[in-house]
Amino acid sequence: MSQTLGQRTASWLNAVGRSVWRIGWPVTDKDRAAVMISSIFLHIHPARVSRHVLRPSATLALGLISGILFVVLSVTGLALMLYYVPYPPEAYRSMKDLQFVVTFGVVLRNMHRWSAHAMVVVVFLHMCRVFWTGSYKAPREFNWVVGVMLLLLTLALSFTGYLLPWDQLAYWAITVGTNIAAYAPLVGDRLKFLMLGGHVIGPMTLLRFYVLHCVMLPLLMLILVSLHVWRVRKDGLSGAEVHRAPAEPAEEAAGLFPASTKTHGLMALSRRPRASVEARDPNDEVFAWPHLLFRELLVALAVVVVLHVVSLVFMAPLEEMADPTRTPNPAKAPWYFLGLQELVHYSALVGGVVVPTLIVAALVSLPYFDRRRAGIGRWFAPERRIANTIFTVLVIISVGLTIIGTLFRGPNWAWVWPWN
Amino acid sequence: MTEDRIDLKRRRIFAVGCFGTGAATAGFLAATFRFLVPNVLYEPSRRFDIGSPAEFPYGSVTFLPDRRLYVFNSADGFYAVSSECPHLGCNVRHAASGFECPCHGSRFDENGGVVQGPAPRPLAWYAVSLSPRQQLIVDLDQTVGPEFRLRV
C-alpha cells in the first residue's frame, strides 16, 4: 500500500504490455535471444547471426528487398481494389478515377506499378546473386527450385496485373503475350482459350486475370515465400559457413563446440543440418537483435523512400481505352517478355516455346547436376569459373535481348535508335 | 485369431478409405478443371451477318475492324480473309501487294500466303455464305482454302 497511484498504474500497464510482448525491451543477451525466439514474427530470424552475412556485399539484401516489395505491392494492391471494377469498360474508367479523382489514388497506383517492375528486376538480380555466390548447392538445392518457381510467379503476377488497366497498352501486351503461350505444342490453343475464357480478350479474360492477380497467385506466392524463407532459416544464411573455422570432431565431442542445443536435436529427432544452424563459431556471431533487425529496418526504409520518390516523380502509363480494332504499331508485350518477343520475331516456336522451356528446365535442374562443392558462398569464386561464365553469358544475352526489344524496336518491329 | 481378423478388417477399411479419398480428390480436381472451361461465351457470335452483297462494290476490299476481317468482292465472287496475324494476333493492313503486319513485319501476298517474316502460317480464310434473306454470312469456325469464292 506504500505504492503511489502512479506506480501502480505503471505496473499495471507493464503487466498489460508483458501479456502482449512477453519479453520487454531486451537489455541482456538472454533477452536479445529470447525476444527473437518468443515472437512469431521475429522468429523468422535466428537469435544470433554470423557477422559476415550482415555485410551488405554478402547478399546485397536482394531477397529482403523482394520481400519488402511484395508487402508494398500487397498493401497498395488491396487499397486499389477498393476503387477498381474488373469489368470493361468500367475498369478503364476506374483507372481514370484513380488517376484524377481519388485523393492520393495516383500515388498509390504509381507505387503499385513501379514496385511491380522493381520486383521483377530485384527477384532476377537475387537469382543472379545466388548463382554467382554458388549458394544453390546442397543443402539448398530445393530452395533454389522454390526460388525459380517464385521468379515465375513474380512474372505471372506482373503479367496478369498488366491487363487490369484495360488500356491499349494492356490489351495489346496481353494479346501478344497470350498468343506466345498459344505456340505451346498440343495444348497451346486450349491453354489460350482457358486463359482468355473465350476466343478473344473480353470481360471474361479481365475477370480471370483479376482473380488470378488479386487472390490465387498472391496466395500461392505467400505459401512459397514462407517455404523459401523457412528453408533459408533452417539451412542458415548462405555464406556463413565459409567463414566458420572448421570444428574439430574431437573438440566437438569434448563439448567445446556444442553440436546442438536445440530440443529436437537433443532428442535425436533430427539430424544436424549440414549447413549448420548450430555448431558455429560463437566469436563470429552477433545477436540478430539489434544488428540484423536494424539493418532490415534500414533497407525497408530505403526501399519505401525510393518508391515514394519515384512514384511522385514518374507517372505510371495509361493510354486510351482498349480498342480491339486498332493495333498500335509496334505492339509490345510487357518489357520483361520483350527478350522473348525479340526471339519470337525470328521464330515463334523457338522463341515462344523452345527457349523458355529450356531455360526453366535448366534452372530447375541446375543444382542437381552442378554438385561440386568448391567455391560455395563466395562471389565469382575462381573454382566456379566455367559455371559462372556460362551463366553470365546467358544473363547478358537475355538482358541484351530485352533491351533490344524494349528500346531498339520501333514500328513494324524494325530497328530504330532510341535517341532518334 | 480374433485379433488377426480385427486387424485385417481395420487395414481393409483404411485402404478403402485412402482409395476413396484419393478418387474423390482426383474427381474434384477434374471437375474444377472442367469448371474453368466456359460453356457459354458472352462474346460476339462466331457466325454473323455482314450485310447484303450490294454493300460491297465490285472489285472492292472492305475492312471490318469490329470483325477483324477483310471482305473482297472479286471477279470470281466474294471471299473473307482474317486480319488477325497468325504470328501474335495483331491486325494486318491491306497494302498494294498484299497484307503487312505492323507488329513484327510479317508480309503476306494477296491470298494471305506468307511472303516474309515470322508468321508461321497464312492468314485464315473464312467461309462466306448467303442467308435466305440475301445477306452475306461469315462463319469464323469454318476455315476454307484460298480457292474459295462465293458467287452471288
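Start with helix 8 and helix 11 of chain A: helix 8 passes helix 11 in a left-handed crossing (the near helix is turned anticlockwise from the far one by less than a right angle; clockwise would be right-handed). This is a predicted model, where local features need pLDDT of at least 70, side-chain atom pairs count only at pLDDT 80 or more, and totals for chains, interfaces and linings use all residues. Residues are numbered from 1 along each chain as its sequence is written, chains are lettered from A and ligands numbered from 1 in the order in which they are written, and side-chain values use heavy atoms, with hydrogens and water left out.

Select A:141-163 for helix 8 and A:203-235 for helix 11. Helices are DSSP runs of H or I with at least four residues, strands are E runs of at least two, and both are numbered from the N terminus. The two axes come within 9 Å and cross at roughly 160 degrees (lines fitted to C-alpha atoms over the stretch in contact, with angles from 0 to 180 degrees between N-to-C directions). That makes helix 8 of chain A roughly antiparallel to helix 11 of chain A, a label for angles over 145 degrees. Their contact has 20 nonpolar, 8 polar and 1 charged residues (nonpolar: Ala, Val, Leu, Ile, Met, Phe, Trp, Tyr, Cys and Pro; charged: Asp, Glu, Lys and Arg; polar: the others, Gly among them).

Next, the cores. The largest nonpolar core has 68 residues, and A:Trp166 and B:Val138 have the most contacts inside it. Such a core is a set of buried Ala, Val, Leu, Ile, Met, Phe, Trp, Tyr and Cys residues joined through side-chain atoms within 4.5 Å. Helix 9 of chain A (168-181) gives the most to this core, with 7 residues. Centre on A:Trp166: leaving aside neighbours within four places in sequence, its contacts include A:Pro88, A:Tyr92, A:Leu206 and A:Met321.

Last stop: B:Ser74, in the loop between strand 3 (69-73) and strand 4 (78-82) of chain B. Is B:Ser74 buried or exposed? At 18% relative accessibility, B:Ser74 counts as buried (under 20% relative accessible area, with exposed over 50% and partly exposed in between; 1.4 Å probe, protein chains only).

Terms used: Contact = heavy atoms within 4.5 Å. Parallel < 35°, antiparallel > 145°, perpendicular 65-115°, else oblique.
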